[in-house]
Amino acid sequence: MQKLWGGRFEQKSAALLDSFNASLDFDKELYAQDIQGSKIHARMLAKQGILTDAEASAIIAGLEAIAEQIQNGAFVFDIAHEDIHMAIESALIERIGDVGKKLHTARSRNDQVALDFRLYVLQKNLAIRELLFALLDSLVSLAKVHTTTLMPGMTHLQHAQPVNLGFHLMAYAFMFWRDIVRFGDDYARNNYCPLGSAALAGSPYPIDRDFTAQNLGFAAPTANAMDSVSDRDFALDMHYSLSMLAMHISRLSEELILWSSSEFGFVRFSDAYATGSSIMPQKKNPDVAELLRGKTGRVYGNFVALLVVMKGLPLAYNKDTQEDKEGLFDSVRTMELSLRILKELLETSTFCTENMRKACAKGHLCATDLADFLVRTGIAFRDAHHITGKVVAFAESNHLDISELNAQQLCALDSRIPENAIAALCLETSMNARNCFGGTATSRVIEQVALLENQLASAKEQWQKESACRK
């Protein structure tokens, strides 16, 4: 087969080179973006008088027929074509003849692949955000149900202070909200069109890059051709945001794994989203959450791989950047599936609220409240801290939690403890006492839900506008 670039070569490519050099096996995933970019490029060439209208129409019709073939599984991919760009162009020439050879006027594979990959990243950015919106809707709905459900809040994985489950879930909701903001920032920063940069220095033809950018849904053309063909920051931004998202999913998964254990007993997973043991018939394993946690390492690895590829590359395009796609394709697929299954896992799980309540009677969660109460009576904080420590020691020596002490026991420990200090040891009172903005009090959690719902509504409007530009 004659290579489209083979005019100056006298020997055929070695079969081993074809195999080593080709990216078609994986970059065929970009066929839709490649055809989309080629159709707009043909329209621009006709608008500028570089092609006739008839030539552009023939090219566009041919590209649409090829797209239909690929969608139907009838297109034959041949590794000799190297990549998706050459595969489609070769098929176009075979279909419509010499007119197809004019499509590549005023562009290079360098700006063509930069366009295709950037379009893919921006489209997947929108898709990931859509899944995040769905996950957050589920998470916020759960939080609304549990604004009064007591559970132990922890630091160092030790019981610390009483909180409510809604408050705990909203902590993750705000993590995922930051992911939505991060993906939105990435989208705005990278929504610029590289097509027209050609090989590295721009094109000598009278092209209209603004027309191309506008019709492909971009904010504007990229400003420097040399940067445009070598830039993969947009892909690295996607990797970073996916890695942050994976980390947040992993943290939530870790807590769900702990909560599902016999030691905690805070959550039961649906049989539909749990697995069993091949040898122990009693087991119900949290494999979904464990896999979500484990896939984080895979996403991180793909991110680091591209950073290493890019770190030593001179301007402009280098073949090394062929290694930019497989890892990102993998991370995108991984995170799309992870977001879907995490949503289902949360929606089908049962939170064991009575066990959470019982767990609050361990670890002396109201100790800080007693110290704060004593401070309000005029005792210095360090003295109040010391007195409360004596109370904790007494309770432990009697195998009690301080929330289980009565007023007589409490006052007998130190003459400075007034009888009404017993009120500070109520778990509900302790939880609701943390009534500052952002606190765990039920009223404040309801406020957090309303705040996030308003922010999500605005973000969805922006996402809808961006999605409309990409259709």
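By class, five nonpolar, two polar and two charged residues line the largest cavity. Ala, Val, Leu, Ile, Met, Phe, Trp, Tyr, Cys and Pro count as nonpolar, Asp, Glu, Lys and Arg as charged, and the others, Gly among them, as polar. This is a predicted model: local features need pLDDT of at least 70, side-chain atom pairs count only at pLDDT 80 or more, and totals for chains, interfaces and linings use all residues. Residues are numbered from 1 along each chain as its sequence is written, and side-chain values use heavy atoms, without hydrogens and water.

**Largest cavity**
- V121, L122, N125, D186, Y187, N190, F234, D237 and M238 form the lining (an atom within 4 Å of a cavity point; on a 1 Å grid over the protein atoms alone, a 1.4 Å probe fits there but cannot get out).
- Two or more lining residues each come from α6 (109-145), α7 (165-190) and α10 (233-259); helices are DSSP runs (H or I, at least four residues), and strands (E) have at least two.
- The volume is about 40 Å³, taken as the space filled by probe spheres set on the grid points.

**Second largest cavity**
- Its volume is about 30 Å³.
- H41, M44, A106, L195, G196, I207, R209 and T212 line this cavity.
- The elements giving two or more of these residues are α3 (31-47) and α8 (209-215).
- The lining has four nonpolar, three polar and one charged residues.

**L200**
- L200 sits in the loop between β3 (192-193) and α8.

Note on methods
On a 1 Å grid over the protein atoms alone, a cavity is a set of points where a 1.4 Å probe fits but cannot get out, and a pocket is an open set with protein on both sides within 12 Å along at least five of seven lines; lining residues have an atom within 4 Å of a point.
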